[in-house]
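Please consult the sequence and the model alongside it.

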Amino acid sequence: MALSPTDVARLARLARIELSDDELARLAPQLDVILDAVAEVSQVAGPDVVPMTHALPLTNVFRPDVVKPSLTPAQALAMAPAEEDGRFRVPRIMDEEA
Amino acid sequence: MSAEILRATASELGERIARRELTAVEVTTAFLDQIERVDDDVKAFLHVDRAWSLDQARVVDARLDAGEKLGPLAGVPIAVKDIFCTQGVPTTCGSKILEGWLPPYNATVIDRVRNAGLVMIGKANMDEFAMGSSTENSAFQVTGNPWDLERIPGGSGGGSSAALASFQAPLALGTDTGGSIRQPAAVTATVGVKPTYGGTSRYGVIAMASSLDQPGPCARTVLDAALLHEVICGHDPMDSTSIDAPVPAVVDAARSGDVRGLRIGVVKELGGNGYAPGVEQRFREALDVLKAQGAEIVEVSCPHFKYALGAYYLIMPSEVSSNLARFDAMRYGLRVGDDGVNTVEDVMRLTRGAGFGDEVKRRIIIGTYALSSGYYDAYYGSAQKVRRLIAEDFDAAFTQVDVLVSPSTPTTAFKQGERTADPLAMYMSDLCTIPSNMAGNASASFPCGLAPEDGLPVGFQVMAPVLADDRLYRVGAALERGLEASWGGSLLDHLADSDAGAYLGVRTDVATPPLAEPVEASDAREI
Amino acid sequence: MDELLDYDEAMALFDPVLGLEVHVELNTASKMFCGCANHFGAEPNSNTCPVCLGLPGALPAVNATAIESAIRIGLSLNCDIATWCRFARKNYFYPDMTKDFQTSQYDEPLCFEGHVDVEVDGRTFRIAVERAHMEEDAGKLVHAGASGRIHGADYSLVDYNRAGTPLIEIVTKPVRGTGSMAPQVAKAYVAALRDTMRALGVSDVKMEQGSLRCDANVSLMPKGSDVLGTRTETKNVNSLRSIEAALTYEIRRQAAILACGGRVKQETRMWHEEGYTTAGRSKEEAEDYRYFPEPDLVPVAPSREWVEQLRSTLPENPAAKRVRLAAEWGMTEREFGDVLAADALDLIEATVAAGASPASARKWWLGELARVANAEGVELAAVGLTPAQVAEVQGLVDGGVVNDKLARQVIEGVLAGEGSPAEVVERRGLKVVSDDGALSAAVDAAIAADPDAAAKIRDGKVAAAGALIGSVMKAMRGQADAGRVRELILEKLS
């Protein structure tokens, strides 16, 4: 399963990463090599092996439903690139409904 | 006086501060001065603020003067990898995308360190978002290895390891996702421990791969690492993957170093082709030292370890692709292209394109691919199965032996720039360390000598079962005791007193004998 | 404007297939994964913390009460409860989503394979519930600029107070076989869910405030075919009546396209209260959400003991409750059916609980109040009178303070914000006059004014009293007890 520059460009769009033509030319072959090197992994385990998603087999870790202090709006907004009326200001949103 | 403070172990400093022979301010000042003296060359720190550190030191002195009983490390400075959120103090994770960010909260580990009276002396350099094995992926600076400033100090925690080896800090905090504590420790002759997954809280640690990341102690001696381990470990309800169980008795283990009857398994698969001869030689000599102290050495096979690197480079990027999505220019951090015309999607893309470095981009793209529909089973799904097989290899091995050992990394520190254009070669640095991240068990790297071919440090990796972190320290302490007896001091003592280490300015009146080949033949050295 | 086919014509050609996704905001004290307060209407960004702002390093911790509520909801919907399941990350970029992934569940829902029975016009429909899973809500966007809408906005503002609110998403399997009743069945289903959530006490279930939200999917199959058509998903359906109206509209719109050989586009439609839908995001290119198990949270594995303990806390099932109340209230099947159709069951129950008789409670809610709700275009429950106030009005009637006609004026006064029913009576001076002195004088005057009628009554033609009563009532401006007037007239002329 080779990864073409077209694939890389599509994945970069999906991951919201702008790649220049130079970057694409540099990264695409590297990514193909990396993917090729790790691809053998798909041949190792049989269907009976249960995937392991967590390092430890813990279950049922819950927090009591208790309210704790929040940040103040000023703290929450302190690092915002832009704010207005106590809210985070973000660029216009296209082609989607609210 | 200053050199004596800088060369002292953290436990010695802690004792002397507790006895009020030294103040936290004196000790902190000595290290701040050392940072000023050498960090232009070493480049271990991204952020140092004398006032911030001295304020902390003064508070500790006041508490001690008031008779308050603090822990054994009260007043001891500590370097903090810039991946830990520190309230009101710049936290960049080595990335341009977070430049200037001041977190509104502290990581749990930071709160513990502060409560124990340690003094944060600076934020240490790292590979961007902890992705790398050389610290060359930092967006800000390339850190030198104090043993040879043109070589890498390991990564991602190269700032922390370099700070320790250049006597800019006696302790440091690191995080280890695939070896980012242990590999830097190995190439700088320092001690680095990855506790059992869930042993230390990840809350407030900027995530790379959530199921693999684990904060841990970095130090110059085994006992110092154990003392810090005890400070930072323990259950945290803010981290749902944190283990609600007592912390293993690591300090007792580090003080005892008793390996009599301990069964040590050498992992057959972690050696041979691709391993530097000097690395393998020092590793074997270390085994002899342990054997001499009563340990039993056997060979063990872990057949799936050879797939660990491949599985790691699917699981880790998958989690990375999701964990790093939040750096989207909306709530904090860099924002590029917000000109009133670009849409929110454009701004996200432009910001992430400008704010992330190559390695981060590579991993996000690989991870996006591995999770995408149609490929999930072949990549992410298969990798998680391999992960299970690796964990089962450990389980099987630990029925035969108490700990597993291997070299920490296949080679010694390579030259800066040597592997930057070849990601796969860079990834090989973590060949030995990755299996323990996959399985979640405890693992550590201890200094075991200088490779004869290049005179650079070699690390000895010890892997213990889940929640048996104390065994790491028993083995580490035995090794340290045995090896230092033959060397006449630690490897870092040798660096400090050598010409190569003269720039560190920490020679002491008591000379350390030079290390020659063979290590047994050492004689006194003129100053 | 869309072409629409007549509904009956559409139903002659096609069978609708429904799919309903309902989101219920839980009313826990704190949010799903952090300790921030979970409530509506606070100052923007005042209920936020590193976790729900998705700050670097922050980690989620699951709210135990949210899990309990989710299990109780699942049990109420006759679902199986998973013995082991995980949270999953649904990855997509959107500025209202602080981590740019939603913590949700994917192929391992907590609750699955349930059903809800709903009754419409005497027919029972069993709606199969595919799953009920846990997830978190997003922040709220406000669009700035001339239009106030997303299109044409110069920029948007985000308030993350709602980010991380616990949500349960309840998804049906495709609902077939409803024929022309599909819109009513959908409405009845959502009403049933709402009643269930309210009975459980797990949510405010206020559709206007978004604590209960419904996305309605519908597709059409040509009669006799069993091949599913292309579906649309209608969002922004914020009331029960809108569900019925929106689905009716979508069925007519799709039927018009299909009837002339066109293809329905798979897309999201936005419902507008004015009575139509418009195209939203096209779903032709499906989003790749790259779901994977949430590594920051450990699996949820509810023990059977815990599940049974929670089952024992369930309130009476709303369907069973309907059967019980129909019997207790002694209504005919038709009368009770009207109550359900008007969505007045809970209101009448509460009114009865406040002291009114079932018949009188029914009379007010299905009569005067239904008329007002209809005129105002609001749900019956939102009409502005509480069950307790209705019971108070009826109490005034029963006590002879007002008659039915005056009671309607009392209601009008309460709705106009003039105070409680008793206060309205006082302020408007609506009390029935039962002072015999005043009445007696009015009766005397009426008798004097109409000697013919008086003579007839004296001759035993009692029916003639009606004319005199009428003129007395007129003279008293309605504020007299008609029964007492009649008594006085007969007394005086006997």
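**Chain contacts and a helix crossing**

In chain C, 26 residues are in contact with 36 residues of chain B, contact meaning that the C-beta atoms, placed from the backbone, lie within 7 Å. The side of chain C that touches chain B comprises 15 nonpolar, four polar and seven charged residues; Ala, Val, Leu, Ile, Met, Phe, Trp, Tyr, Cys and Pro count as nonpolar, Asp, Glu, Lys and Arg as charged, and the others, Gly among them, as polar. This is a predicted model, in which local features need pLDDT of at least 70 and side-chain atom pairs count only at pLDDT 80 or more, while totals for chains, interfaces and linings use all residues. Residues are numbered from 1 along each chain as its sequence is written, and chains are lettered from A and ligands numbered from 1 in the order in which they are written.

Chain B also meets chain A: 59 residues of chain B are in contact with 46 residues of chain A. On the side of chain B that touches chain A, α14(B) gives the most, with twelve residues; helices here are DSSP runs (H or I, at least four residues), numbered from the N terminus. That side of chain B holds 32 nonpolar, 14 polar and 13 charged residues.

Within chain C, helix α14 (residues 436-449) packs against helix α17 (residues 482-492) at an angle of about 60°, with the axes 10 Å apart. Axes are lines fitted to C-alpha atoms over the stretch in contact, and angles run from 0 to 180 degrees between N-to-C directions. By class, the contact of α14(C) with α17(C) has six nonpolar, one polar and two charged residues.

Technical notes. Contact = placed C-beta atoms within 7 Å. Helix = DSSP H or I, 4+ residues; strand = E, 2+ residues; numbered from the N terminus.
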